[in-house]
Amino acid sequence: MLDRKDPNKHFISFQQLVLKNVDGRTSPKEIYFNNNFKLSPQVHLDNISLDGKDNELVYYLIHTGGGYVTGETVGTNFILEKNAKAILTTVSPSNIYMCKDGQYITSEEYVQVDEGAYLTYICDDIIAYEFSKYQQFNTFKLNKHSHFIYSDMIGPGWSKGGTRYSFDWVKLRSEFYVDDEIYCIDNLRFEPKELDLHALGNLDEYLYMPSIFLYDEKITEQTILELRKYLKETIKLDLEFGISKLNNNAFVVRALVKMEEEGNKFVITCTNWIRKNIWNMAEINFKKY
């Protein structure tokens, strides 16, 4: 768990949300945010019942500054205690602006999902602008009996010359733990000046890369086969996708798409299939795309 007062971090903005379950109902135990981070009041989504079997709290994650700037470090803690249920989503892409004087932008997140808890965490895309430098460190602490969906996406930002990928570098590192044992490390590094991202074998002619990570003890090889078949039959978009199984009870879905809207549609389609078929929970529609 991150310490927002850590003198070695110097967090410019910080947010923390702790949710608990009392008598079958999820409620906030702690809410904290400062500076450019805001947490919305609880949001009502169609199909999501606060009183029925789903009983999920929904929060929008808001960044009021419009984007991240040179030298900025931000921190996040999200904790779902035993049997809590929540849906978290950002309201807009994370714009990563030009960095100067050798500085860079850092985001650190700690997400904990305890036994019996359900978390659907959908992030909008990371848009890295010309000359930007960005690193993201995510730590996900799961319980063997927790239920977890996480997604993010990377895409190109503005550049003076119109070059699609003109940022200096973007590093995305996620560590997943189950019962305090390392389960998976996902380490992505994009450096357009060192590697042509449009070359065959990289992004090719595609511009956006959405990723989805799922952990649930109900996951089997058959689950992956059924999801792959469903996506091939349902998604009518110009894209490429693949599903990789991670040991037991988890898999990663990655896609390459040409438009941001297509990436968002792909993520929601995957997420809703998982929620409906694995979790027996309602589909979601954020109505923000």
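This is a predicted model: local features need pLDDT of at least 70, side-chain atom pairs count only at pLDDT 80 or more; totals for chains, interfaces and linings use all residues.
Me: Is cysteine 184 buried or exposed?

Reply: Look at the relative accessible area; under 20% is called buried. Cysteine 184 has 13%, so it is buried. Cysteine 123 is buried too, with a value of 13%.

Me: What about a polar residue? Where is glutamine 112?

Reply: Glutamine 112 is in strand S8, residues 105-113. With a relative accessible area of 19%, glutamine 112 is buried. Next, see what the side chain meets: there is a polar contact of 2.9 Å with the side chain of aspartate 114. Beyond its neighbours within four places in sequence, glutamine 112 is in contact with Phe78, Ile79, Leu80 and Lys141.

Me: Now a helix. Which residues of H1 are buried?

Reply: Start with the helix itself. H1 runs over residues 221-234, and its 14 residues reach 20 Å from first C-alpha to last, close to the 20 Å expected. Its buried residues are Thr223, Ile224, Leu227 and Leu231. They sit on the same side of H1, because they cover an arc of only 95° around the axis. On the face turned away from that buried side you'll find the exposed residues Glu221 and Lys232.

Me: What covers the buried residues of H1?

Reply: The cover includes strand S15 (240-245), strand S16 (250-256) and helix H2 (260-277).

Me: And how do I read the largest nonpolar core?

Reply: In soluble globular proteins, nonpolar side chains tend to be buried together. Here the largest nonpolar core has 37 residues, and those with the most contacts inside it include Leu45, Phe251 and Trp279. Then ask who contributes: S4, S9, S11, S14, H1, S16 and H2 each supply at least two residues of this core. H2 gives the largest share, 6 residues. Zooming in on leucine 45, and leaving out residues up to four places away in sequence, you see it touch Val58, Tyr60, Ile87, Ile284, Asn285 and Phe286. Apart from this core lies another, of 30 residues, with Leu61, Leu80, Ala86 and Leu246 among them.

Conventions:
Residues are numbered from 1 along each chain as its sequence is written. Side-chain values use heavy atoms; hydrogens and water are left out. Buried means under 20% relative accessible area, exposed over 50%, partly exposed in between (1.4 Å probe, protein chains only). Helices (H or I, at least four residues) and strands (E, at least two) are DSSP runs, numbered from the N terminus. A polar contact is a pair of N or O atoms within 3.5 Å; within protein, one must be able to donate a hydrogen and the other to accept it, and residues adjacent in sequence count only if both atoms are side-chain atoms. Contact means heavy atoms within 4.5 Å. The expected span of a helix is 1.5 Å times one less than its number of residues. The arc is that of the directions from the helix axis to the C-beta atoms. A nonpolar core is a set of buried Ala, Val, Leu, Ile, Met, Phe, Trp, Tyr and Cys residues joined through side-chain atoms within 4.5 Å.
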